[in-house]
Amino acid sequence: MEKTKRYMLAESEIPRRWYNIQAEMPNKPLPPIHPATKQPLSPEDLFPIFAEELSRQELNQEDAWIEIPEEVREKYKFYRSTPLVRAYALEEALGTPAHIYFKNESVSPMGSHKLNSAIPQAYYCKQEGVKNVTTETGAGQWGASLAYAAKMFGLEAAVYQVKISYEQKPYRKSIMQTFGAQVTPSPSMSTRAGKDILTRTPNHQGSLGTAISEAVELAQTTPDCKYTLGSVLSHVTLHQTVIGLEAEKQMEMAGEYPDVVIACFGGGSNFGGLAFPFMRHNFTGERQTRFIAAEPESCPKLTRGKFMYDFGDEAGYTPLLPMFTLGHNFRPANIHAGGLRYHGAGVIVSQLLKDGMMEAVDIPQLESFEAGTLFARTEGIIPAPESCHAIAATIREALKAKETGEEKVILFNLSGHGLIDMASYDKYFAGDLQNHTISDAEIAASLQS
Ligand SMILES: *Cc1c(COP(=O)(O)O)cnc(C)c1O
């Protein structure tokens, strides 16, 4: 029988609504807390920083389905649906009876899933009369996506890029500049937050936390300017559910349903985006799918962090969020999966993990590149270093299936391609990459600071 490799949806099948899991979770996330008043946050508290509609989406625990504006759907059609692919060659290389599928988000024009949220965020800002958007970016994928989305809707974009990534990944800066964004390495001397950080730690390499502090400060001090975020927050994950909703239809075309769903984990948006539409069938008892978030060993907030209220950024500008965290002053090792170097996890995922609705694994850096290289050599796509973590976790599951002879169905998210990350692959091939383990004492110290 002829084998089907790729499953695509017609344009008319691109989802018309996002799935808001907050409305259907057995235990809803605890409310974010206003740092000054110590009261639960209302959408109005977020209006000075975020577009109003995004603020409402952030705290919406009532509506399970939220309509995708027609203008946004039109832009999604530039690259959606993304393919669902059966990884036959990877299966064969592993000698596993497991069926491995991946959702290929690397085909977006910016090479990652980030554009799925950049488009609606820019759209809502435009609708509300905003002229400038600011943001932070780690490895640069979010900044690139926001720069492009801002251009689509005629907005100016100012991006603070984590300094280590700015230096390690110069082409991402070039991409952002191609779309007309202004890019500043963070921490910088252009904001009070940046100056404070540099005064304390002059050679600070930057983190998502420092860059968020700077971008938020710029939004607060500039007229007609809003801040946007590429991960962690609930409205970002909401937009990303377009991934899982498509995948659900595509798995149906393949005549299968996943036993295990896997994605890499930075702040949780590509994980939630793929997982949540499937997880809703676990809530009703109709399915018992396992969900696995794959984080780096060097930044293990899900596997070794603590569930508590913490700031989303280094300077303490953001609301206090109930989340698994390593402490907002945590400084992860300079691993090459820049998009996974964030100290905390989104509030939805944190609650789901606490409630045992999902699992997490931590992956050493070398194992991630080994997995990514095998994937490239079998499936012909060079994965982003972040996505390599999902591939490594998938391979672990596929090898377990080989031991037990189980024909289980694994679905993972290929969150992005690695074609702009070849410097990292070069280091891996040269033997210059290491694993970065952190001790319990280091984690405890970070949580107390
Ligand atoms: C940003 C990014 C991630 C991590 O962010 P999440 O919000 O956890 O999805 C993973 N993969 C790629 C390719 C990214 O750009």
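A residue counts as near a molecule if one of its heavy atoms lies within 4 Å of it. Keep that in mind as we walk through this predicted model, in which local features need pLDDT of at least 70, side-chain atom pairs count only at pLDDT 80 or more, and totals for chains, interfaces and linings use all residues. Residues are numbered from 1 along each chain as its sequence is written, and side-chain values use heavy atoms, with hydrogens and water left out.

Let's start with the overall layout. The domain assignment, which is automatic or from a database, gives domain 1 (47-65 + 114-234) and domain 2 (76-111 + 236-448). Their centres, taken over C-alpha atoms, are 22 Å apart. In contact (heavy atoms within 4.5 Å) are 45 residues of domain 1 and 42 residues of domain 2.

Now look for the ligand. Domain 1 and domain 2 both give residues to the shell around the ligand, so the ligand lies between them. There are 18 residues around the ligand, and Lys114, Ser231, Gly266, Asn270 and Ser415 come nearest. By class, the shell has four nonpolar, 12 polar (Gly counts among the polar ones) and two charged residues.

A backbone N or O atom of Gly266 is 2.6 Å from a ligand oxygen. The side chain of Ser269 places an N or O atom 2.7 Å from an oxygen atom of the ligand. Ser415 has a polar side-chain atom 2.7 Å from a nitrogen atom of the ligand. Taken alone, the ligand exposes 380 Å², of which the protein buries 98% (accessible areas by the Shrake-Rupley method with a 1.4 Å probe).

Technical notes:
A polar contact is a pair of N or O atoms within 3.5 Å; within protein, one must be able to donate a hydrogen and the other to accept it, and residues adjacent in sequence count only if both atoms are side-chain atoms.
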